[in-house]
Amino acid sequence: IEDEPVISARIESVLASTCAVTVVAEGDSAIERLVHGEYDCILLDLMLPRLSGFDVLRHVMLRRPEMLKSTIVMTAATDESLQFIDPKSVAGVLRKPFAVGVLPEMVEKVVSLSR
């Protein structure tokens with residue numbers, strides 16, 4: 001769930017060889033997908049148009065809490081903004097900018113722990 005086309009394309013290209021990737025650019029679309037789909041791992045940007053990543057995270061907490069441990073938060077948000085996220089409740093927090101090369105290993109770890 002990433003609204004920046006360059007970043008989402010890079011993420012998709014790094015992960016496409018090891019897993020199926022669904023790209024969503026807006027929070028409301030992400031919530032709709034999460035309601036009707038099953039995903040092994042969620043990569044969630046916090047700064048999204050319309051509904052923010054915080055809104056998506058709130059939805060997951062309330063309606064799909066089992067998916068929290070499968071959610072990796074990606075953000076350039078300040079430490080002040082991140083105080084509202086318990087890092088122990090999610091699979092991880094990646095501070096932007098980050099090396100996308102770390103994603104395949106992180107996703108693999110999240111998926112293996114959730115099975």
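Predicted model: local features only at pLDDT ≥ 70, side-chain atom pairs only at ≥ 80, totals over all residues.
**Exercise 1.** Identify the pairing of β2 with strand β1, and trace the chain from β1 to β2.

*Solution.* Strand β1 covers residues 42–45, and its pairing with β2 is parallel, over four bridges. Within β2, Val73 is the bridge partner of Leu44. Between β1 and β2 the chain passes through helix α3, residues 53–63, and this β-α-β crossover is right-handed.

**Exercise 2.** Which residues of β2 lie on each side, and are they buried or exposed?

*Solution.* In a regular strand, side chains alternate between the two faces of the sheet. In β2, Thr71, Val73 and Thr75 are on one side, while Ile72 and Met74 are on the other. Both faces are covered, with all of these residues buried. The count for the strand, residues 71–75, is five buried out of five.

**Exercise 3.** Where is Ser89 placed, and why does Ser89 count as buried?

*Solution.* Ser89 belongs to the loop between α4 (79–82) and β3. The cut-off for buried is under 20% relative accessible area. Ser89 has 17% relative accessibility and therefore counts as buried. Next, list its surroundings: the Ser89 side chain reaches the backbone oxygen of Asp86 at 2.7 Å. Leaving out residues up to four places away in sequence, Ser89 touches Leu68 and Lys69.

Notes. Residues numbered from 1 in each chain as written. Heavy atoms only, no water. Buried < 20%, exposed > 50% of the residue type's maximum accessible area, 1.4 Å probe, protein only. Helix = DSSP H or I, 4+ residues; strand = E, 2+ residues; numbered from the N terminus. Pairing = 2+ DSSP bridges. Right-handed = clockwise from strand over helix to strand, strands pointing away. Polar contact = N/O pair within 3.5 Å; in protein donor to acceptor, adjacent residues only side chain to side chain. Contact = heavy atoms within 4.5 Å.
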